[in-house]
Amino acid sequence: QVQLVESGGGSVQAGGSLRLSCAASGRTFSMYDMGWFRQAPGKEREFVVFISPNGGRTYYAESVKGRFSISRDNAKNTVYLQMNSLKPEDTAVYYCAADQVSVVVSVPSNWGQGTQVTVSS
């Protein structure tokens with residue numbers, strides 16, 4: 001198990017940028033798939049992006065491809081989400097997730113508390 005704490009959310013105008021961070025506890029962070037999910041008001045939580053344990057593989061939802069970029073620093077137990085060209089439809093609570101098997105094919109075992117991102121037009 002890992003504990004995840006997100007930070008970096010906030011309010012921004014359309015076209016702006018934000019960088020989210022997710023700090024993980026534990027000494028086995030480098031063994032975990034990491035991902036970001038989001039939940040907009042009145043909608044179900046949706047997948048945003050995944051990164052493999054060594055950072056060599058990533059996979060993005062079509063809605064964010066080309067605008068968002070995920071990275072990780074295993075020495076710092078941290079995963080980042082750089083969000084550029086933000087749109088009002090990106091407004092949501094963003095959650096960091098981790099799993100030793102997959103964050104894509106099954107529901108991740110570990111979740112952060114979420115951080116709010118609000119994009120105004």
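These legends accompany close-up views of one predicted model. Local features need pLDDT of at least 70 and side-chain atom pairs count only at pLDDT 80 or more, while totals for chains, interfaces and linings use all residues. Residues are numbered from 1 along each chain as its sequence is written, and side-chain values use heavy atoms, with hydrogens and water left out.

**View 1. Arg 38 pairs with Glu 46 in a salt bridge.** The closest N and O atoms are 2.6 Å apart. A salt bridge here is a side-chain nitrogen of Lys or Arg within 4 Å of a carboxyl oxygen of Asp or Glu. Arg 38 counts as buried because its relative accessibility is 6%. Glu 46 is partly exposed, at 35%. Buried means under 20% relative accessible area, exposed over 50%, and partly exposed in between (1.4 Å probe, protein chains only). The whole structure has four salt bridges.

**View 2. Arg 67 forms a salt bridge with Asp 90.** Their closest N and O atoms lie 2.7 Å apart. The pair links distant parts of the chain, 23 residues apart. Arg 67 is in the loop between strand 6 (58-60) and strand 7 (68-73). Asp 90 is in the loop between strand 8 (78-83) and strand 9. Strands are DSSP runs (E, at least two residues), numbered from the N terminus. Both Arg 67 and Asp 90 are buried. Salt bridges with shared partners join Arg 38, Glu 46, Arg 67 and Asp 90 into one network.

**View 3. Glu 62 and Lys 65 meet in a salt bridge.** The N to O distance is 2.6 Å. Glu 62 is exposed, at 63% relative accessibility. Lys 65 is partly exposed, at 45%.

**View 4. Phe 37 and Phe 47 form an edge-to-face pair.** The ring centres are 5.7 Å apart and the planes meet at 75°. Rings of Phe, Tyr and Trp (its six-membered ring) pair if their centres lie within 6.5 Å; planes over 60 degrees apart count as edge-to-face. Phe 37 lies in strand 4 (residues 33-39) and Phe 47 in strand 5 (residues 46-51), so the pair ties together parts ten residues apart in sequence. Phe 37 is buried, at 9% relative accessible area. Ring pairs link Phe 37, Phe 47, Tyr 59, Tyr 95 and Trp 111 into a cluster.

**View 5. Arg 45 lies over the face of Trp 111.** The distance to the ring centre is 3.8 Å. A charge sits over a ring if NZ of Lys or CZ of Arg is within 6 Å of the ring centre and within 35 degrees of the ring normal. Arg 19 lies over the face of Tyr 80, at 4.0 Å from the ring centre.

Methods
Helices (H or I, at least four residues) and strands (E, at least two) are DSSP runs, numbered from the N terminus. Rings of Phe, Tyr and Trp (its six-membered ring) pair if their centres lie within 6.5 Å; planes under 30 degrees apart count as stacked, over 60 as edge-to-face and the rest as tilted.
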